[in-house]
Amino acid sequence: MNIVIFGAPGCGKGTQSERIIDKYGLHHISTGEVLRDHIARGTDNGKIADEYISRGQLIPDELMVAMLANELDADPTLLAKGVIFDGFPRTVPQAHALKKMLADRGSKVDAVVGLEVPEEELIDRLIKRGAQSGRSDDNPETIRNRLEVYNAQTLPLRDFYQGEGLYRNINGSGSIDQIAADINAAIDAATAD
Ligand code: AMP
């Protein structure tokens, strides 16, 4: 079972991914974490990624897709067990690339969990997170850019996955436990047959 968790920056993707992993025993691939790890290790890709991330922009599709393929191929057991994709895809071309990447490896996306949270609440959460996380991109100006980029480049994916019959809309505004329960119900319904 492969799940995509989808939503704006600050919607709770990371927190809810952890819950899903605990319940369903999936592997977690967060492209944001993969990139931050490359930056911390000072790799060539990390140096390129840093330029984009600190401005709140997306890493170019081609590079991001290649880095994700590396992650998948580094451990052949990942897809056998199932993966939760957190932060990928973020553009329609990435969604097509994911579909092909999984098909080439005999797999597919089973459900897309979309966490929907009003924009004012997202900004509030990201500013609070920035005070604690020390993440270079959780500052007011970069947050604004990231939300603009999300609306322009990532939100169209909702239509794409609705068209594929995979999209499950979740209200991402309640308590962490309530949202987790709604996600579990959506995943169970999506994978029942
Ligand atoms: P995240 O931890 O998911 O919020 O990602 C942090 C930053 O990493 C994003 O604001 C982007 O700059 C970059 N990033 C993460 N995933 C992707 C992706 N799938 N495509 C392009 N850029 C990404």
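The model is predicted, so local features need pLDDT of at least 70 and side-chain atom pairs count only at pLDDT 80 or more, while totals for chains, interfaces and linings use all residues. Residues are numbered from 1 along each chain as its sequence is written, and side-chain values use heavy atoms, leaving out hydrogens and water.

Let's start with the ligand. Around the ligand are 16 residues, where being near takes a heavy atom within 4 Å. Thr31, Gln57, Gly87, Arg90 and Gln94 come nearest. By class, this shell has 6 nonpolar, 5 polar and 5 charged residues; Ala, Val, Leu, Ile, Met, Phe, Trp, Tyr, Cys and Pro count as nonpolar, Asp, Glu, Lys and Arg as charged, and the others, Gly among them, as polar.

Now look at the individual atoms. An N or O atom in the side chain of Arg90 is 2.9 Å from a nitrogen atom of the ligand, and for the side chain of Gln94 the distance from a ligand nitrogen to an N or O atom is 2.9 Å. In the side chain of Arg36, an N or O atom is 3.0 Å from an oxygen atom of the ligand.

Next, turn to Asn2. Asn2 is buried, with a relative accessible area of 2% (buried means under 20%, exposed over 50% and partly exposed in between, with a 1.4 Å probe and protein chains only). The side chain of Asn2 also reaches the backbone nitrogen of Val83 at 2.9 Å.

Definitions and conventions: Polar contact = N/O pair within 3.5 Å; in protein donor to acceptor, adjacent residues only side chain to side chain.
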